[in-house]
Amino acid sequence: MTVGRLRVAVRTADPLNRAGLVALLRGAPQLTVTDAGDDERPDVLVVAAARAGLALLLSRLAREVGAPVVLIADELMPDALLTVVRFRVRAVVPRRSVSAGALVRCVTAVAAGGGVMPPDLIGGLLQHVDRLQRDLRYAAPAGAGGLTDREIEILRLIADGLDTDEIAAELSYSSRTVKNIMYGVTHRLNLRNRPHAVAYAVRAGLI
């Protein structure tokens, strides 16, 4: 191996995909593609896989190989991205965007400790994290009046005249979630209906 080259291993579901990726990577003078049976740990692992069974595959590779991963995959949802980064995925290349240049840029960035993600995926991830944080905040233990922040926010919107669908759109919930939350409020506090729940929150000084 030439001194200073990055060692790259490739794992795919079938030999044809592997051959194509290896051909793209071997054109870069700064990279050396290792053989499948090479025992020496690579600097970067390039993985191409379908979404089905992806987390299981990455978990196994994280244990067996332990190198940071450049993942080639079809569209990933933000929650799936949160899962795969647990297994050392540091760059994602959409399958439709695979090219020698894209692969080499990702491999060198990951080897240097960086990461590369498509902008739309980053945007979706940030929105997903924001929703998770808000849900955690709203689902905090009930305080004064026996209501959580999330329940108070929904009662405030009801008091403002919004219906279930409008509340769901305002809070980025499903209509079913809003209905379940309101059922929980009325059942837990022995309230007759939504107006009774709003009146309860007003008397308690919560809205």
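Colleague: What does the accessible surface of the chain come to, and what share of that surface belongs to carbon and sulfur atoms?
Modeller: This is a predicted model, and its values are computed from the predicted atoms. The accessible surface of the chain comes to about 11,400 Å². The share that belongs to carbon and sulfur atoms is 53%.

Colleague: What percentage of the residues counts as buried?
Modeller: A residue counts as buried when its relative accessible area is under 20%. The chain has 207 residues, and the part of them that counts as buried is 38%.

Colleague: Which element has the lowest mean pLDDT?
Modeller: Among the elements, helix α4 (residues 100–111) has the highest mean, 92. Where pLDDT is low, predicted coordinates should not be read in detail. The element with the lowest mean, 62, is helix α5 (residues 119–138).

Colleague: How many helices and strands are there, and what is the order of the strands in the sheet?
Modeller: The chain has 9 helices and 5 strands. Along the sequence, the pattern they follow is β-α-β-β-α-β-α-β-α-α-α-α-α-α. The sheet is open, its pairing is parallel, and its 5 strands have the order β2-β1-β3-β4-β5.

Colleague: Which strands are the edge strands of this sheet?
Modeller: An edge strand pairs on one side only. Neighbouring strands here are turned by 25° against each other on average, direction ignored. The edge strands are β2 (31–33) and β5 (89–94).

Colleague: Which residue in β3 is the bridge partner of Arg11?
Modeller: Strands of a sheet pair through backbone hydrogen bonds. Strand β1 (residues 6–12) pairs with β3 (residues 44–48) in the parallel sense, over 5 bridges. In β3, the partner of Arg11 is Val47.

Colleague: At what angle to β1 does helix α1 run?
Modeller: Helix α1 covers residues 15–26 and lies across β1, β2, β3 and β4 (69–73). Angles are taken between N-to-C directions, from 0 to 180 degrees. The angle of α1 to β1 is about 160°.

Colleague: Is Asn190 buried or exposed?
Modeller: Asn190 is in the loop between α8 (175–188) and α9 (194–203). Asn190 is not a glycine, yet has a positive phi of about 60°. Its relative accessible area is 69%, and the cut-off is over 50%, so Asn190 counts as exposed.

Colleague: How does Arg88 count, with its 28% relative accessibility?
Modeller: Arg88 is in the loop between α3 (78–84) and β5. Its phi is positive, about 75°, although Arg88 is not a glycine. Because 28% lies between the cut-offs of 20% and 50%, Arg88 counts as partly exposed.

Definitions and conventions: Residues are numbered from 1 along each chain as its sequence is written. This is a predicted model: local features need pLDDT of at least 70, side-chain atom pairs count only at pLDDT 80 or more; totals for chains, interfaces and linings use all residues. Side-chain values use heavy atoms; hydrogens and water are left out. Two strands pair if DSSP finds at least two bridges between them. Helices (H or I, at least four residues) and strands (E, at least two) are DSSP runs, numbered from the N terminus. Contact means heavy atoms within 4.5 Å. Buried means under 20% relative accessible area, exposed over 50%, partly exposed in between (1.4 Å probe, protein chains only). Accessible areas come from the Shrake-Rupley method with a 1.4 Å probe; for residues, only the protein chains shown count as cover. pLDDT is the predictor's confidence in each residue, from 0 to 100.
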